[in-house]
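Trainee: I'd like to learn how to read a structure like this one. Could you walk me through it?

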Amino acid sequence: MARVKFGGFLAPHHPIGEHPMLQLRSDIAFAERLDALGFDEFWVGEHHSTGWEVIASPELFLAAVAERTHRIRLGTGVVSLPYHHPFNVAQRMVQLDHMSGGRVIFGSGPGALPSDAYMLGIDPMVQRDRQDEAIGVIKRLFAGERVTHESDWFTLRDARLQLFPLQEDMPFAVASQISPSGMTLAGKYGAGVLSIGSMSSAGLFALPTQWSFAEEAAAKHGQTVDRRNWRVVMSWHIAETREEARAQAREGLMRWHNEYNVGTLMRPGAVAYGSPDEAVDKTAFAEGAASVIGTPDDLVANIRRLQEISGGFGTVIGFAHDWANRENTLRSWDLVARHVIPEVNGLLEGYRTSRQYVVEHRESFERAGQAIMQKIMTNERAAAALADTRRAATATTGGHTPDLEKGQSK
């Protein structure tokens, strides 16, 4: 079975009310924690409005994270390319790659928030085309080419980077929701995919069709796409029991949905929940629910179901949120690392097989008891001590100690 990688995606989605400086520091500490727990990837978004999604520069944030982590890969999730001159994006990503020791994944998108594009005077109708154009230019710059390019929104004249990525081939990833544009772009450039639409029921069941868009575009442009580079974003809150998970997540989940999804973003079709219990039931327990609020076993089952629905992918990315308080949120990620990741990836199979072998072959090990008993009975003082021990009904403390009664009978 191919192992699945695991990561975290910090958009972030923070309710308004916490000191920004302390909030940013806690987000950096969260990345440190994921690194310590053995997660493979950490992604950060770019946003400029709404008050909830407050990291304006994923590169700047990840530079700080790079100094406090060791092995976790750092993804821009995503740089909104229509907002920037492609040459500057390329330079920042190269610098981040060197500062992180070659751990960068370059994730890009057209820009998720209409309010961001509006402030910058960008027509939403051109955003996806501009992302496409920028990726093509950035790939050429990374390859060391000298580029001249005239566009209606940027110009390059005989431009060449003076520093190239530390990685010989920096991984690219493209954000994808429900429309085919993200997957098609990934196929065109042979890039990886960050599927954000999988957090909704509609996006979940669209995954097989979505991947076909990438494959078709790759074939058209002479590229290849690999499911190992497909990252699927999921939402979860995990506790030791479902009851605890529900109790911990219910209030924050309702606030996140009602205040942000409905009250701020006004997502089409989104309706405010009437109670915290309704929020939990409709988010995690309705037919076809895309989120998990429950135990590690519940998340394992959901990931396996998602693998089956999609046909397979390379990385599970957990969406970071504040449904629960900080302590219980960190505990949730801890449970995922300690119980979900090893279960999904078969890391405990050897333990279970070894234990079952011992149980099923117990008779094969009886000779060990016979050998010990033989030595005891040839020594008068040891035999007397054994008799005293039996009279005192003293239990042996070593779990691996052979059955001496059975050994003596032999």
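Trainee: How far apart are Glu 278 and Lys 282 in helix H10?

Mentor: Keep in mind that this is a predicted model. Side chains of opposite charge can pair when their charged atoms come close. Here, Glu 278 and Lys 282 sit four residues apart in H10 (residues 276-285), so about one helical turn separates them. They form a salt bridge, with the closest N and O atoms 2.8 Å apart. Glu 278 is partly exposed, at 23% relative accessibility.

Trainee: Is Asp 334 buried or exposed?

Mentor: Asp 334 is buried, at 6% relative accessibility. Its salt-bridge partner Arg 331 is partly exposed, at 36%. Shared partners join Arg 33, Glu 240, Arg 331, Asp 334 and Arg 338 into one network.

Trainee: What about the core?

Mentor: In soluble globular proteins, nonpolar side chains tend to be buried together. The largest nonpolar core here has 75 residues, and Phe 6, Phe 39 and Trp 236 are among those with the most contacts inside it. Helix H12 supplies the largest share of this core, seven residues.

Trainee: And what lines the largest cavity?

Mentor: Rolling a probe the size of a water molecule over the atoms shows where empty space is left. The largest cavity has a volume of about 50 Å³, and its lining includes Trp 236, His 237 and Trp 333. H12 gives the most to that lining, with three residues.

Key. Residues are numbered from 1 along each chain as its sequence is written. This is a predicted model: local features need pLDDT of at least 70, side-chain atom pairs count only at pLDDT 80 or more; totals for chains, interfaces and linings use all residues. Side-chain values use heavy atoms; hydrogens and water are left out. On a 1 Å grid over the protein atoms alone, a cavity is a set of points where a 1.4 Å probe fits but cannot get out, and a pocket is an open set with protein on both sides within 12 Å along at least five of seven lines; lining residues have an atom within 4 Å of a point. Grid points are joined across faces, edges and corners, and a volume is the space filled by probe spheres set on the points. Helices (H or I, at least four residues) and strands (E, at least two) are DSSP runs, numbered from the N terminus. A nonpolar core is a set of buried Ala, Val, Leu, Ile, Met, Phe, Trp, Tyr and Cys residues joined through side-chain atoms within 4.5 Å. Buried means under 20% relative accessible area, exposed over 50%, partly exposed in between (1.4 Å probe, protein chains only). A salt bridge is a side-chain nitrogen of Lys or Arg within 4 Å of a carboxyl oxygen of Asp or Glu.
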